[in-house]
Amino acid sequence: MNLSDYFYPVDFEQFSNEINILGRFGLGQAIQNSTPAFLEAGWKGQGIAIVGAPAEHGVYKRKGASAPDKIRSALYKLAAAGTQRDIADLGNLKPATNLKGTLLALRDVVEYLRDMNVVTVVLGGSQELTAGICEAFITEPYFWLTTIDPVPDIRKGSESFNSTNYLTRLFKNMPNLFQYSLIGYQHHHTGNEMLAMLPETCEHLRLGILRENIRLAESVLRNSHVVSFDMGAIKWNEAPATRHKNPNGLKGEEACQLAHYAGISNTAGVFGIFGTHAANDKDGITCALAAEIAWYFINGVIQRSSPAKRTAYKVEIEGLEHPVVFLHEPLTDRWWFEVESVSGSVLEVACSHEEYRQATKNEIPARWFRFLQKMDIALK
């Protein structure tokens, strides 16, 4: 695959002022240095690629005026996140004749980068681009998608495909979707009827619950292959240039924390930031926050640890024929439980220490039982 066929490359001269702010200590300088080497020969070992997707509701935004370029400008000003991973900026996707063409191009690029063991950061654009990203995971047997959004983008009927209903199409076209997770939704915007429209392969974390204990999101994000972040999930006064104008929502630091959780996950292959309307971002604050969110994801990827030694705990629970197996990684203090289907296939699901403690008290963890059921349904 020739990436130059898909992208307008970054004109680093255009961003020279931003790159020079921190010089060799800046992320912009690190990206400028490593991008040519990646485009020429690729990398050995895991790297990170930034992809601009300046398509908003099927309309291509030209160079300089697009959200990816405005976010890129803010991102290059930030400090270098480390040296353990090479980071390249591939530029902006070239315009396609229609939205379908853009989705296919995004699918091809993500699939190619995934085969190279490269983690992708997508700077959008509107959130329906998530559908193209997910199509690159069509062969993943237990595909897990997480969206951070104030509402689930699903609708009944045959509306034209857009950012408010892309999940409707995605649920139909992704038979391998094992788990969909929604983080940060607001009940007063969503209601029970809309939540009922979501498939059973779903897990919710409402904004209020998340605010009480944001670490609940870590185990959800640790399992996710794709994380799609709608900037409208953030409070309006902290991200005013978005489609959603919500007086309530995530705080900026909470959004960055979620991005960090996604970054340190060894499963997350794509992190997308969508819904920034650059033309309305008069003071640049929304694009600046989007850049910081991207930075925290990138920093998380850099901090990823190689698979470490884990200790297995087999917990006997009254009423279960076999013990529940928990895995603990002392180095990171992270927990998983094993779920085995009737056919014998085993899946490791990220969990919390509290779920392990619950099992030791002779209580069946609700998530473990739910995933046991899901495994059998998925294999039918």
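Which side chain makes a polar contact with the side chain of Ser228? The side chain of Gln127 does, at 2.9 Å. A polar contact here is a pair of N or O atoms within 3.5 Å; within protein, one must be able to donate a hydrogen and the other to accept it, and residues adjacent in sequence count only if both atoms are side-chain atoms.

Before going on, a word on the source. This is a predicted model, in which local features need pLDDT of at least 70, side-chain atom pairs count only at pLDDT 80 or more, and totals for chains, interfaces and linings use all residues. Residues are numbered from 1 along each chain as its sequence is written, and side-chain values use heavy atoms, with hydrogens and water left out.

Back to Ser228. Ser228 sits in strand 10, residues 226-230. Helices (H or I, at least four residues) and strands (E, at least two) are DSSP runs, numbered from the N terminus. Ser228 counts as buried because its relative accessibility is 1%. Buried means under 20% relative accessible area, exposed over 50%, and partly exposed in between, with a 1.4 Å probe and protein chains only. Leaving aside residues up to four places away in sequence, Ser228 touches residues including Gln127, Thr130, Tyr166 and Phe274. Contact means heavy atoms within 4.5 Å.

Now the charged pairs. Side chains of opposite charge can pair when their charged atoms come close. A salt bridge is a side-chain nitrogen of Lys or Arg within 4 Å of a carboxyl oxygen of Asp or Glu. By this rule the model has 15 salt bridges.

One of them joins Arg114 and Glu140, at 2.5 Å from N to O. Arg114 lies in helix 4 (residues 99-115) and Glu140 in the loop between helix 5 (130-135) and strand 7 (143-148), so this pair ties together parts that are 26 residues apart in sequence. Arg114 is partly exposed, at 31% relative accessibility, while Glu140 is buried, at 19%.

Another salt bridge pairs Glu354 with Arg357, at 3.9 Å from N to O. Why are these two separated by about one helical turn? Because Glu354 and Arg357 are three residues apart in helix 12, residues 353-360. Glu354 is partly exposed, with a relative accessible area of 46%, and Arg357 is partly exposed, with 38%. Elsewhere, salt bridges that share partners join Glu203, Glu355, Arg367 and Arg370 into one network.
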